[in-house]
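Have a look at the structure first.

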Amino acid sequence: MKHGKYPLIATFLVPPVLLYVVFVVSPYLQAFQISTTDWLGYSAEANPVGLANFKALWHDDYVWNALKNNAILLALVPVLTIVLGLFFATMLNMGGRKGRAGVTGVRGSAVYRTVYFFPQVLSVVIIALLWKEVYHPSKGLLTSAMNAVGLSAPTWLGDPRTAFWCVLAVMIWSNVGFYVVLFGAAMASVPKEIYEAVMLDGASRLTTLWKVTIPLLWDTVQVAWVYLAIFALDGFILVQLMTNGAPNFSTDVIGVRMYDTAFGTETKFGYASAIGVVMFFLTLSVAVLALRMGKRDRIEYS
Amino acid sequence: MTTLDNLAPPAPAAPATARADAPIRRELGVVNVLSHGFLLFWGAVTVLPLLWMVISSFKSNAEILADPWGLPGALRFDNWARAWTGAHIGQYFLNSLVVVTGSVTLTMLTGATAAYVFARYEFRGRQLLYYLFVGGLMFPVFLALVPLFFVVRNAGLFNTWTGLILVYAAYSLPFTVFFLTAFFRTLPTSVAEAALVDGCGHFRLFFQVMLPMARPGMISLGIFNFLNHWNQFLLPQVLMQGDESKWVLAQGLAALSVDQGYAGDYAQLFAGLTIAVVPVLLVYVAFQRQVQSGLTAGQLK
């Protein structure tokens, strides 16, 4: 060895650590501190107020309303996305007819996969803006289609009764393809002998899916669940660009609440940071819960 | 993916199975028709909005208002020109390219070096530092938003591309370090040992031996980070609020959508969106295998 390892360790570690501490660690730490102040603006003083922001949060109906919407997203988006993802992945990987009881993909499964996955590479901004036009109450794709067959269409994003569901649908639309590919890859790695054996025993496709495929894919499903749960707690870009929480706060989510509190009409930095702290603990507990509840015996098949 | 294709049909062993065969075959037939139906349906749901966007980008505003489902009377590329120059989509596109090129390079460089050290060298505080990085995965970026705004402003980086590049890279480090550390650990140690015995220095070892060996992981993660940075919206919106000429594409499109609400120039909006989608589509179609594995790699680990 010409020279020791320490010059390399130092050169390789100092830049990333510096970058990370300045822009990530220090803001996170400061956020907790700011959340206990009444800091109101760019120059105004910040006085420590203890937990007053959190007490105010507890009585803030707008925050509760946003949290309620996030809770509905949390309950529905992961389930629906995973069910659809598993369904289409199963169709693609085993929907085919080749062989008698053979397990094959449907014809053109590669094309389907390519198409389904595409929304995943699109910017969420583009997805939000595009769907905003699709939902447009007069010149949108949906309304004109319904009018053409003689149905009267709702105003979609303009109606507090429908707006939230419209946003939820876009969330699912943009995510399903990714999980089709993810589950598909996991299914492809299951040894085919297992399916041969199951088929020989005369199991139906539904039984196979339920009793064999899903248990074998459980780890992947669980990870998907965590990611989707974190996604459902966010939803910021879609909501801000499609409705900005309107109409009548029916689509409001906690991220939009926080952004508006900090960078919107007011600059209540202390209060906004308190919302951020709440978001952190929510995200953390949802992730931990999802991992805990999903705990099962690992199935090894290698 | 259709690895099960070559499956040999199970031998019709006993005559008893012949009777059981018919219902299976019928079931398969139904499943097949149904599955194609569902698959086609979802394909249509995915493609239609995008197709509509592209078609509408060639229509005049009058055509868009008169019949949203209709085809354009002519290919009106002036919509595209209006979006490209009038709405500065071209400018924003280049801005995004500059920022993302910088940020992905910085992310991969700092991420790979840190990950390599974590994976290959023993030193005091290694565990602590590693968990400091990986712990960042649990924090929502919203929590940091307010203080980050001031950190960037106090560093004189507010409304600068440098600021965006540094911040993008910093927030990509947790996952990049996590992923690449695992990747470097999978590489055989014997090669590195042989190189060291042959008198190769530690730096040369990394750049000429280890980094080339880590190429598959670097590519997957490069794609992952590229798409992530390209699609950023929240961070530029907070850190690049003022100077319109420096906006990234996502901001430009959002502004275009807002303006369109007042001006009623829908064709321009659709053209702007299409301009933003087309390069992504081309790259995706050309490299879809890498893109898919790059994006799913993180989850399947």
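## Two helices side by side

In this predicted model, helix α7 (residues 163-188) of chain A and helix α10 (residues 218-234) of chain A have axes that come within 10 Å and cross at roughly 160°. Axes here are lines fitted to C-alpha atoms over the stretch in contact, with angles from 0 to 180 degrees between N-to-C directions. So α7(A) is roughly antiparallel to α10(A), a label for angles over 145 degrees.

Who touches whom? On α7(A), Asn175(A), Tyr179(A), Leu182(A), Phe183(A) and Ala186(A) meet Thr220(A), Ala224(A) and Leu228(A) of α10(A); contact means C-beta atoms, placed from the backbone, within 7 Å. By class, that's 6 nonpolar, 2 polar and no charged residues.

## A closer look at α10(A)

With its 17 residues, α10(A) reaches 25 Å from first C-alpha to last, close to the 24 Å expected at 1.5 Å a residue. Its buried residues include Trp225(A), Tyr227(A) and Asp234(A), where buried means 20 or more other C-beta atoms within 10 Å of a residue's own.

## Where the chains meet

The contact takes 98 residues from chain A and 87 residues from chain B. On the chain B side, helix α1 (residues 15-56) of chain B gives the largest share, 19 residues. That side has 64 nonpolar, 20 polar and 3 charged residues.

## Reading the numbers

Residues are numbered from 1 along each chain as its sequence is written, while chains are lettered from A and ligands numbered from 1 in the order written. As the model is predicted, local features need pLDDT of at least 70 and side-chain atom pairs count only at pLDDT 80 or more, but totals for chains, interfaces and linings use all residues.

How values were computed:
Contact = placed C-beta atoms within 7 Å. Helix = DSSP H or I, 4+ residues; strand = E, 2+ residues; numbered from the N terminus. Nonpolar A, V, L, I, M, F, W, Y, C, P; charged D, E, K, R; others polar. Parallel < 35°, antiparallel > 145°, perpendicular 65-115°, else oblique. Expected span 1.5 Å × (residues − 1). Buried ≥ 20, exposed ≤ 12 C-beta atoms within 10 Å, placed from the backbone.
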